[in-house]
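Please keep the sequence and the structure open beside you as you read.

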Amino acid sequence: PAPVTVPMLQGFKAEGRRIVMVTAYDAAMARLVDPVVDAILVGDSVGNVCLGFDNTLPVSMAMMNHHVEAVARARPRALLVADLPYLSYHLDLAETIRNAGGFLQRGAAAVKLEGGAARAPTVRALAECEIPVMGHLGLTPQSLHAMGGFKVQGRAAEGARRILDDALRLEEAGCFSLVLEGIPAELAARVTERLTIPTIGIGAGPACSGQVLVLHDVLGLLPGRKAKFVRTYTDGYGLLQAGLADWAADVRAGRFPGEAESYAMPEAARAALDD
Ligand code: KIV
Ligand code: NA
């Protein structure tokens with residue numbers, strides 16, 4: 001199948017075809033998800049999911065570049081979107097463009113950044129440098145302290161209004177698509193209706209143009225970590241641990257390796273040893 005491009009993803013909304021995006025953080029995961037999804041996000045959620053941080057704030061450009069490069073080496077046909085981490089797009093435009101453009105040089109086709117109308121000049125500057133930008137509104141994890149925790153956004157009247165206005169401003173600034181996270185389903189439906197660009201929801205109800213989840217959440221790889229907006233489709237942790245336990249039991253019982261996993265000794269070499 002042909003590689004998914006930014007214009008193709010935008011066309012999905014017009015065609016009424018829902019977009020499927022999931023995170024991946026290395027080449028093996030990229031190969032796992034690529035046959036299934038339309039877009040792959042190398043999210044800064046790599047900080048929580050893979051690197052053991054409590055939130056995404058400590059994630060650096062160096063960490064992101066490491067994971068973007070790994071995913072890009074899998075040469076996915078899905079659209080590869082790279083998440084700009086905290087402080088990589090807040091300081092000045094030159095640094096922002098260098099960071100975002102660096103993602104494209106490493107094989108991403110687009111970048112994602114969090115925030116509302118305050119990001120409009122940044123989005124415009126990136127678009128002028130031929131860098132497609134995915135916006136991200138609502139429960140934006142990099143705003144953890146400003147929000148006072150990971151809380152659903154846009155429930156109060158003025159919050160809902162602001163999210164709709166922010167969405168319009170981001171579209172106007174040149175975002176090609178928008179992630180809506182942790183907002184009421186009805187608000188996400190309104191935003192999706194008002195925008196031309198596709199919305200991709202996570203905890204934002206069924207009316208978005210598509211959905212995104214963290215891969216480890218879909219596959220049940222992180223037991224004891226399940227938000228309301230997650231549906232787990234496989235007991236990945238249980239399945240993988242059972243496989244591992246079978247191997248460990250075989251090792252301990254002397255059943256692994258067997259003949260099939262061992263190398264035979266050629267006759268000549270055996271004779272040489274016997275000398
Ligand atoms: O970092 C991430 O994984 C994300 C998505 C869940 C939207 O930003
Ligand atoms: Na993110």
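## The chain as a whole

Of the contacts in the protein chain between residues at least 6 apart in sequence, 60% join residues at least 24 apart. Two residues are in contact here if their C-beta atoms, placed from the backbone, lie within 7 Å. This is a predicted model: local features need pLDDT of at least 70, side-chain atom pairs count only at pLDDT 80 or more, and totals for chains, interfaces and linings use all residues. Residues are numbered from 1 along each chain as its sequence is written, while chains are lettered from A and ligands numbered from 1 in the order in which they are written.

The C-alpha trace of the protein chain spans about 85 × 40 × 35 Å along its principal axes. Among its 275 residues, 40% are buried (20 or more other C-beta atoms within 10 Å of the residue's own; 12 or fewer is exposed, in between is partly exposed, with C-beta atoms placed from the backbone).

## The barrel

The protein chain holds twelve helices and eight strands. These are DSSP runs numbered from the N terminus, with helices being H or I of at least four residues and strands E of at least two. Eight strands close into a barrel with parallel pairing, in the order β1-β2-β3-β4-β5-β6-β7-β8; strands pair if DSSP finds at least two bridges between them. From one strand to the next, the twist averages 25 degrees.

Strand β1 (residues 19-23) runs parallel to β2, and three bridges join them. Methionine 21 has alanine 39 in β2 as its bridge partner. Helix α9 (residues 185-194) packs on the sheet, where it touches β6 (177-181) and β7 (199-202), and its direction makes about 170 degrees with that of β7. For such angles, axes are lines fitted to C-alpha atoms, for helices over the stretch in contact, and angles run from 0 to 180 degrees between N-to-C directions.

## The annotated site

An unreviewed UniProt entry places the feature "binding site" at Asp44, Asp83 and Glu114. These residues span 71 residues in sequence, yet no two of their C-alpha atoms are more than 10.9 Å apart, so they gather at one spot. UniProt positions follow the numbering used here, feature names are shortened, and annotations may be inferred rather than shown by experiment.

Aspartate 44 sits in the loop between β2 (39-42) and α3 (46-49). Aspartate 44 is buried, because 30 other C-beta atoms lie within 10 Å. Leaving out residues up to four places away in sequence, aspartate 44 touches Thr56, Val59, Met64, Asp83 and Pro85.

Glutamate 114 lies in the loop between β4 (110-112) and α6 (120-128), and is buried, with 23 C-beta neighbours inside 10 Å.
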